[in-house]
Amino acid sequence: GKAPKRSVSIADEAFKNEKIVFAHVDVEDGGPFCGLLQLSAVFMGHDFKVLGWFDRFIKPRDNAIWNEEGCRLSHGYTKDTPEIVNANNIEVVWKEFADEVEKHVGGDKVGVLVAWAGKGSEISKMFNVVEDTHKGTLFFPKELVYFCDPAKVIGHYKSCRLHDDKRTSGRKGYGLGLVYCEAFGKEMDAGCLPDPSHVANASQKGAHNSIVDTFGQAQIFADPRVNKFINKPASIEKISDIWKAKQQQKVEAKAEISRPVPNGYIDEGDDNWQLPKTNQYHGYGGGGVAGPSSAVTTACNNRELADLFMFFITMEMLETIAKETNRYGNEQPMKPADAVEWRARYFAEEETGADEASGATTDDSSTVDTPESEAAADDDDESQDPDYASDEDDEDEGMILGIADLIDADSDDDDDDESDDGGSNAYRFGRSGHGRRGGRAYMLGPPPRRPRLWDACPQITS
């Protein structure tokens, strides 16, 4: 049968025997070709009380390549930061860190490395130190057997009061600063240190100074709303399992270099080829980190429909749509015309259309239409129309009809003659540009073009 489902973590024995020690760790680095810049740790006993802490800056090697833009956007450290200029190298600092771990977690104690969202950050950076840049000379502290990610714990257990669904503020997300503010109602800064003077002269006094981040994380971890979930099945995992997965990834990455190309592809055999700098996702000359931008992340985390709408539909687009709508509805009214002008245009169009249909051609120099001849022809034509209503009293005095007159004229007996697109004859005549009824003449100007989305966003069609 199946093994019984666990109700406690794999470190339950150490919890029961009060042998558990938590090592909260946070690091800052200057990029993959620079290395660690700061390493901080806070040690906490089984009762969630602080046992001690460790904080060191690290001076990178002289030929280190700094990701200057990444440093500027995160912690703000540079190669000229006084704490880094005067710091020891990684070899010295790492050994000091290992000694501090042994001091608090030695003997029969069991150590748990605690790092906020640390599997892809702190764990990876520490792995690079002991398995890549300093393999064989620096080693991971053997006392740290387990790993715990507080952000994962809070997000996994929905009954946790700091879970997204339980917050009364409406703010979403599991960033360290956001959760700290949600938990304690204030920003995370040097005030969370037992001795704030420790960072009094520091270049970075708030979040992103790793000792501030470490103490902030430790306070959240020790909070009763969180610590009761630490000894749960999904909260703790073995560091050896994480290490094994990272080692496998490293082996596969190295094997990719010598692996034969798939069928259908040709190996050109150029061993000197390198990916262009613009396509590399590391170093100051490469692209950005893959994932959503900070702008869209902020818009989504705010959970405000207006913010999300304005992220995609810019103010420029809205202003253009409003401008075009106003022009269409208010600034270009229908144009009235007198009867004589209309007749001249109308019959010129009819005769041109008839000639084109019969294939005949006309000589403009020999045939000249006048308003009088057109009017006579129109009288003959209209006399054959049973619906024709004589309007001789008007004598084509150039009557001007507005839109109200036009609608009134059509509303009596043209209800069955509505256009195909749902509009009335008034609308149809307005679109065609001319019309006649009962000896009266009217003409509507060509309708303004409706505003279209791509008017406001020309890049759609470019």
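Is E237 buried, partly exposed or exposed? E237 counts as partly exposed, because its relative accessibility is 22%. Accessible areas come from the Shrake-Rupley method with a 1.4 Å probe, and for residues only the protein chains shown count as cover.

Before the next selection, note that this is a predicted model, in which local features need pLDDT of at least 70 and side-chain atom pairs count only at pLDDT 80 or more, while totals for chains, interfaces and linings use all residues. Residues are numbered from 1 along each chain as its sequence is written, and side-chain values use heavy atoms, with hydrogens and water left out.

**Stop 1**

Helices (H or I, at least four residues) and strands (E, at least two) are DSSP runs, numbered from the N terminus. K119 counts as partly exposed because its relative accessibility is 35%.

**Stop 2: two pairs inside helices**

Select D12 and K16. Their side chains meet in a salt bridge of 3.2 Å, N to O. Both residues lie in helix α1 (residues 12–16), four residues apart, which is about one turn of the helix. D12, in contrast, counts as buried, because its value is 11%.

Next select E69 and R72. A salt bridge joins them, and the closest N and O atoms are 2.7 Å apart. They both lie in helix α2 (residues 68–73), three residues apart, about one turn of the helix. E69 is partly exposed, because its relative accessibility is 40%, and R72 is exposed, because its relative accessible area is 54%.

**Stop 3: two buried residues**

Select S9, in the segment before α1. S9 counts as buried because its relative accessibility is 0%. What does S9 touch, not counting residues up to four places away in sequence? The residues are F15, I230, N231, K232, P233 and I236. Contact means heavy atoms within 4.5 Å.

Move to W94, in helix α4 (residues 90–105). W94 counts as buried, because its relative accessibility is 1%. Leaving out residues up to four places away in sequence, W94 touches L36, L39, M126, V129, V130, L138, F139, F140 and P141. The C-alpha atoms of W94 and F139 are separated by 8.7 Å, and the two residues are 45 apart along the chain.

**Stop 4: two surface patches**

Select R161, K166, K228 and K232, which form a positive surface patch. Patches are made of residues with over 30% relative accessible area and no salt bridge; like charges are joined within 9 Å, and nonpolar side chains (Val, Leu, Ile, Met, Phe, Trp, Tyr) within 5 Å. Lys and Arg count as positive and Asp and Glu as negative, while His and the chain ends are not counted. The place of a charge is taken as NZ of Lys, CZ of Arg, CG of Asp or CD of Glu. K232 lies in the loop between α9 (224–227) and β6 (236–238). K232 is partly exposed, because its relative accessible area is 31%.

Then select L308, F311 and F312. They form a nonpolar patch on the surface, with about 280 Å² of accessible area together. F311 is in helix α12 (residues 305–312) and counts as partly exposed, because its relative accessibility is 34%.

**Stop 5: two positive phi angles**

Select E18, in the loop between α1 and β1 (20–29). E18 is not a glycine, although its phi is positive, at about 55°. Last, select F48, in the loop between β2 (36–44) and β3 (50–57). Phi of F48 is near 65°, a positive value in a residue other than glycine.

Note on methods
A salt bridge is a side-chain nitrogen of Lys or Arg within 4 Å of a carboxyl oxygen of Asp or Glu. Buried means under 20% relative accessible area, exposed over 50%, partly exposed in between (1.4 Å probe, protein chains only).
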